[in-house]
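Let's walk through this model together, one stop at a time. Please keep the sequence and the 3D view open as you read.

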Amino acid sequence: MPLLKSWVASANSANHPFPLNNLPYGVFSTGEDEPRCGVAIGDMILDMAAAEAEGLIALTDYPLFDVPYWNDLMEEGPAVWAALRERLTALLSKGSKEQEAIEPLLVPMAEAVLHMPLVVSEYTDFYAGRQHAQNMGAILRGSPDLPANWLHIPIGYNGRASSVVVSGTPIHRPNGQTKAPDAEMPSFGPSKRLDIELEMGAIVGTGSEFGQPITVDEADAMIFGYVLLNDWSARDIQGWEYQPLGPFQGKAFGTSISPWIVTAAALEPFRAPTPPREKELLPYLSGSKDGLYDIELEVLMQPEGADRASVIARTNYSRMYYSAAEQLCHHAIGGCAMNAGDLLGSGTISGPERSEFGSLMELSWAGREPFTLETGETRGFIEDGDTLTLRGNARGDGYTVGFGDCVGQILPAKTWG
Ligand code: MN
C-alpha cells in the first residue's frame, strides 16, 4: 500500500511518522483545557471530542472521546475500531468533502501537552527476546544457555499498572536494597546499576472471560495497538531480590510508554514471522498469522548539558521469539481474565550484534566494557541527568508509520522522612 494522501500537507512526507496510513491515538490538552482524545495527522492533532460534539464522528449514541483515555473505544470491539479508522481516513483524505468542517478542529501538535493515552488496567512484562535472554545468562551465570523452560513458555511476571507513565515523565533513581557478592550484609541506598529495557508494549482492546482460555488467533484479534515501552530496571536491586519469585522493586519505580497508540490496523502491512522454532511449541501456542511486526527501533542517550543525543542501539521488533498474541494466549490459558487496557511488555529486544542490544547491561556487558557516546563521555549504566529516548518506525512504500518518541530523564534519588 502506498502513502495515502491527506489534505493536511505535513502528513504527506515519506518520513513523517504520522501520515494518513498511521492515525495513532493519543490524549492531549492545550492551555487550560481538559485532556481529551486526539488523533495525530502530520503536525496536527484532530480534537476527537470536538469532532464528536460537532456530529462529524458518530459511532455510538453515547460519547466516546471527551475523556482522557481510549479505553471506552477499546471496549466497543473490533467492528467499531474498524469503523472509526474508516471514518477518520475519509475525513482526512485529500478531496474530503468535510475538510472545511474538520480544519478548525485541528490543533498544532507543537502547542499540545500529551498525556497517558489509556488507563492501564494491569501490566505484565515478558522475557521473549532470545538474544537478550542468552546475553543475560552469559553475564549473570557465565553461560548463554537458556533456562530449560525458555523455548516452551513465554516467560513473564505481573508488574504494576501504577508504575506506567507517559513519555516525558522524569524518573527518580530508586532507592533499594542490594548486596555485593562478597558482602556479608545487604546495604540500602540509590541504585548504582540503573538501566533501560527497549521493548514494545501491546495493548489489549477486548477482554476475555474469567476461566475461559483463548486461542492465539483470538488473542491476535484482541490486541488494539502498540506503544514503545521502556522498562526501566535497577539491576543491582533486581539481582538481590529476584530469586525465587522474579522482579519486584528493581522494576517498580517506573515504566515509560510512548504517547501515541499505533493501532494493530496501521501495523497490518508490516507483519513479520516469528523465527524458526528450535523446539516445536505446544499446539495451544500456535496461530495462523505472522505475529511480529517489522518495526525499526533505536535507543538514544543524552547526558545532561550535552549538545546532542547519541544512538546507542538499533534493532528491530521482528527479532523477538514470541509474539504478543502468543504471550496473550499463554497469559489467559489457565483462566486469567484479560481486560481492555491491559499492557503487555514484549521483553527486551536485542539483535545478534552488540550494536543491536536493547539494554545497557548488554551494551556495556554489565559495566565491564563501557561504551563511548558521540560527546566522548563513556557509560556503563545511567547517570543522573541522562535522558534516554526510544524511537520506532515501520517503513512502508513511500511512507512511515512512526510511534513518537518515548523519552525519560533520570533525576537523582529522592530523600524522605
Ligand atoms: Mn522488561
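Ala366 counts as buried because its relative accessibility is 6%, where buried means under 20% relative accessible area, exposed over 50% and partly exposed in between, with a 1.4 Å probe and protein chains only. You will find Ala366 in the loop between helix 10 (360-363) and strand 23 (371-372); helices (H or I, at least four residues) and strands (E, at least two) are DSSP runs, numbered from the N terminus. Although Ala366 is not a glycine, its phi is positive, about 60°.

Before going on, a word on the basis: this is a predicted model, in which local features need pLDDT of at least 70 and side-chain atom pairs count only at pLDDT 80 or more, while totals for chains, interfaces and linings use all residues. Residues are numbered from 1 along each chain as its sequence is written, and side-chain values use heavy atoms, with hydrogens and water left out.

Leu23 also has a positive phi, near 55°. This residue lies in the segment before strand 1 (25-29), and Leu23 is buried, with a relative accessible area of 0%. As background, most residues other than glycine have a negative phi, and most peptide bonds are trans. Pro244 belongs to the loop between helix 7 (235-241) and strand 16 (255-257).

Now turn to the interior. A nonpolar core is a set of buried Ala, Val, Leu, Ile, Met, Phe, Trp, Tyr and Cys residues joined through side-chain atoms within 4.5 Å. The largest one here has 74 residues, and those with the most contacts inside it are Tyr226, Leu267 and Tyr317. Helix 9 (residues 324-332) gives the largest share of this core, five residues. Apart from this core lies another, of 45 residues, including Val8, Phe65, Trp70 and Ile257.

What does Tyr226 touch, leaving aside its neighbours within four places in sequence? Its contacts (heavy atoms within 4.5 Å) include Met200, Trp260, Leu267, Tyr293, Tyr317 and Phe403.

Aromatic rings are the next stop. Rings of Phe, Tyr and Trp (its six-membered ring) pair if their centres lie within 6.5 Å; planes under 30 degrees apart count as stacked, over 60 as edge-to-face and the rest as tilted. The structure holds 13 aromatic pairs. One of them joins Phe65 and Trp70, a tilted pair with 5.4 Å centre to centre and 55° between the planes.

Which residues hold the manganese ion? Asp125 (OD), Glu197 (OE), Glu199 (OE) and Asp231 (OD) coordinate the ion at 2.1 to 2.2 Å. Donors are N, O and S atoms within 2.8 Å of the metal (3.2 Å for Na, K and Ca), and water is not among the atoms, so sites may look incomplete. Along the chain, the donors follow the spacing D-x71-E-x1-E-x31-D. Glu197 and Glu199 are both buried.

Finally, look at Glu100, whose place is in helix 4 (residues 99-102). Glu100 counts as exposed because its relative accessible area is 72%. From Glu100 to Arg319, the separation is 219 residues in sequence and 44 Å in space, C-alpha to C-alpha.
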